[in-house]
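Reader: I would like to learn how to read the contacts between chains. Please take me through them one feature at a time.

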Amino acid sequence: MDRRQFLKSTSVLAAAGLVSKPWIAAHAQATPIKIGVLAPLTGVVAAGGREMVEGTQFFFEQVGGQVAGRKVELIIEDDASVPDTALQKARKLVEQSNVHFLMGNLLANTGLAVANYVKDNGTPYFIPIIAADDLTQRARIKNVVRVAGYSASAFTHALGDWAYKQGYRKIATISQDYSFGHEQCGGLCQVFTEKGGEIVQQFWHPLNTADFSPYLGQIANMKIDAVFAMENGADATRFIQQFASFGLKGQIPVISAMNTTDQSIIRTLGGECEGIVSAAHFAEGSDNPVTQKFVKDYAAKYEKIPSLFGFSMYSGSMWLAQAIDKLGGKVEDRDALLATVGGMELTNSPLGKAVKLDAYGNPIYDVAIRKVTKRPDGKFWNVPIETYANVSQFWTYDPETYMKQPTYSRAFQGIKKG
Amino acid sequence: MNAFQLLNGATFAALLFVVASGFSLIFGLLRIVNLAHGALYLAGGYVGFTVAVHSGSYVLGGAAAILAVAALGFALDQGLLRFVRGHELREVLLTLGVAFVLNDMALVIWGGDSFTVPIPDALKGGVRIFGVFYPKYRLFVLVTGILIFIALMLLLHRTRLGALIRAGVDDPEMVEASGINIRRVFLGTFLLGSALAGFGGLMGGAFLSLYPSADAEILVFSLAVVIIGGRGSLVGVAIGSLLVGFLNTLGQVMFPELAYFVIFGPMVCLLAFRPLGLLGRAT
Amino acid sequence: MTTLEPIAAPATGPRTFAGARARTIAIVALVLASLAALPFGLSKYQVGLATEMLIYGVLAMSIDILAGFAGRTSLAHGAIFGISAYVVVYAVSHLGLPPAVAVVLGVMAATAAAALFSLVAVRTSGVYFLLITIALGMIVWGICLRWTDVTGGENGLRGDMRVGLLRDHQTFYWMVLVVAALASFAMWRFVRSPFGLTLRGIRDSESRMRSLGYNVHLHLFIGFTVSGFFAGIAGALYAFFNSFVSPSTVALAQSVQGLLMAITGGIGTLFGSFVGSFAILTLQNVVSSYTERWQTALGVTFILIMIFAPEGLVGKLRALLSRGARGSAN
């Protein structure tokens, strides 16, 4: 068609659009709620990504695929564990699939890339797994909310406190060398050293280190009370195994990040993981009845004990569903959605206790200090041995003061001098 | 640099040698840079793992790994590579495509979790050696690497097949012209090279674990070994493995910042000044 | 050092403008016009895709200059592309420089990197060249991953890149179209120039060119550097398109994808790169809507192309057409 015809038809369509808008809005209730789920289904953290999707699907299946009378449509995209792909898929979900909001991602760098994108177009983005501290601290984006998630240093603050209470005074840390590792280590180091403990040495290694023997050799020769390990994915499996194979298990106690003792790691391990202590909001071995029911149902459906990834997306979906219910299903109103999510309390989550967000968009939890224990059937899981109630991402510090100190990095680990 | 780190470097070098020797045989004789070699390592590891777990026998797992990967190698050579014979770059890129497919299929079949090949009871635990407590299994890997080196040297220098392979590395046309069915030698070598990768996967899978990106990692190391050691030289592979193994271990201890440069730096320098590697032969 | 000038093309034949015949100009004008009209019929997302296709087309073409015309297949161009993107994003977001200045810096950085790479690689050829470019690319990736203070490490660099006019996706698309058209034209002229002819001679027989007195290494060095210049242009465009750069931008996968696009279109066809870019990105979008097995699809595509159409789509088309022409001539 020629240019004149084209312009004419476009203007007719535009006029029709103006008139029909309220009519369309009234019928929005009948259209499905489209949720864009981003998860790494291929690449380095593919195992976790798969469980993220399972956790999400598990929840929506339990509520019959509907929330507030509207059908829920999950549009799942693979971010390949890579930020560029995450960005590309986020664009696709928002601009082509027209989702109402985004949810998911696993690795911090993928989350940051997507967060940067939604900052410009205002699409709500919910991150149950991404733990980059700053997204709910110094670099807050108003439409990015950490429903049912956690910030990296939140739990290790508590772990550092517990470690000191145990009588540990000298600790070495070994961690993957990226921001998630820096933040977890930093959290532990800050609290531990402020109470009077000493960090003897910190080992940083690149992601996907096949051979930990060089580090283990050094650790074996140190006079330390415990070693803190922050390992994620395959590195965690290897670290735990190699630690045991070099005869260090039983010689030096291991405390770790929750990812290191997550089900996704320990379910393929044997006795090497027994006894490792970590801190988390979720402990699949907890005797809380709601948690137990969740674990049992999940295991029945997916033939494995749920990991952090499944649990977090499940709880995140639950949180969103409760918020959408409160809104009567009107997800198109982004501001209302964000306000409702931010202001409400999550009830009936698998944690067995109500959870709410702090003023910065980060949940406040009871942190369980948990130990890897053997079940009667021979499998291993995390059982709580102590609980810290209502732990904020800022620990016991005043938020404004805390945020004045830099983000944890290799250079800044919060270690108190002297 | 104490005994502990020396052993670490040596055992890693031994594993690298097993895998890279397969790669070098194929590169040396067939002049194919088999970028699917890492995927064969991973496939061997996974298959070996599954068989070992279900049968309870590491040895059976090893046999399964070798057979399965040799079969894959056979399919790759006879089913795909034969269409692009003689075109070096096409061969390379075709194997790259195969690597993508194998890696993705492994993800579908085994999922993304990390698996560890179970160590036989006899090799569990450790011994006191040179004043350090060292895992028996790693020593086993070291010994196996040395044995395979000896076996391959014997094969290459004491058997007719070995002589044919060495001759083919230098001048395949001459060998063909003397009436030898060079195609069969090629196929045999391809199978041997693949089998070594698969066996390496089983061995490595027990102390380094198996996971979706293990194939790319071991491929990169194999490339470095063969580039540094040189095409067509088994001793070159041994030297290259030792260099890369020790550089990697030492690098992790002394220069953790420079994880990649410690290997790639020397590799690039070497390629710039001695493109054929330390002991390589010109094509 | 004396160099013999290759014999210039005879001055007879149809009249040309900047080396192109009237018919070719008409075709080009038509293609450009239809590309320019695209945004009117497509959604925002699809325009974004089209923009991406143009950007990657330029990258693939830069790879083709070397692969198709100098006979050197490189897997470092993704890294060169990425270096430019990093410099541009850093310049705008951290140094606050205006976009135009950032682009100049980015392209300069890419060209410098290419020059550096070629110093190392120029003595090798074939598979060894490929391997050394892989190694160089990995070094760049390692730097981008570890030099956290500057490159942001694995988090990458984010920036508010698109200012003013560029914010609108349509305007941005047209800008990219103009740049891509100019870059392709420049590359086309480059390979048809006497220098380009020398490169082709080197591709066909290095020893012969050497015996004729050409400084092969110098020519390859210049060729690689020029190719890197254009890869840098693509990288700068990408920086604005994405407003984000991370180590995966310089990873080997990027080089592989660029090479695959060049091959799919046809090595040595230059403009086939855009066909290849279109084909691969379309395939990726379509396949990933139905399944997560995009990597398998990509691998299978690679395999099929190597076996059945190593000369690429445009290459195959040309072969078919010329056979048809020969047939009708008889």
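Reader: Which residue forms a salt bridge with Arg293(C)?

Author: A salt bridge here is a side-chain nitrogen of Lys or Arg within 4 Å of a carboxyl oxygen of Asp or Glu. Asp104(B) is the partner of Arg293(C), and their closest N and O atoms are 2.9 Å apart. Across the interface of chain C and chain B the rule finds 1 salt bridge.

Reader: What should I know about the model itself?

Author: This is a predicted model, in which local features need pLDDT of at least 70, side-chain atom pairs count only at pLDDT 80 or more, and totals for chains, interfaces and linings use all residues. Residues are numbered from 1 along each chain as its sequence is written, chains are lettered from A and ligands numbered from 1 in the order in which they are written, and side-chain values use heavy atoms, with hydrogens and water left out.

Reader: How many residues does the contact take from chain C and from chain B?

Author: Contact means heavy atoms within 4.5 Å. By that rule chain C gives 32 residues and chain B gives 38 residues.

Reader: What area is buried between chain C and chain B?

Author: The size of an interface is often given as the accessible area lost when the parts come together. Buried area is that loss, taken with a 1.4 Å probe and summed over both parts. For chain C and chain B the value is about 3300 Å², with 79% from carbon and sulfur atoms. On the chain C side, Val127(C), Tyr128(C) and Arg146(C) lose the most area to chain B, together 19% of what that side buries.

Reader: How many residue pairs are in polar contact across the interface of chain C and chain B?

Author: A polar contact is a pair of N or O atoms within 3.5 Å; within protein, one must be able to donate a hydrogen and the other to accept it, and residues adjacent in sequence count only if both atoms are side-chain atoms. The rule finds 4 such residue pairs, both residues at pLDDT 80 or more.

Reader: What are the values for chain A and chain B?

Author: That contact takes 33 residues from chain A and 29 residues from chain B. The two chains bury about 2300 Å² between them, 53% of it on carbon and sulfur atoms. Asp211(A), Pro214(A) and Phe246(A) lose the most area on the chain A side, together 22% of what that side buries. The count between chain A and chain B is 2 salt bridges. Asp211(A) also forms a salt bridge with Arg138(B), the closest N and O atoms being 2.9 Å apart.
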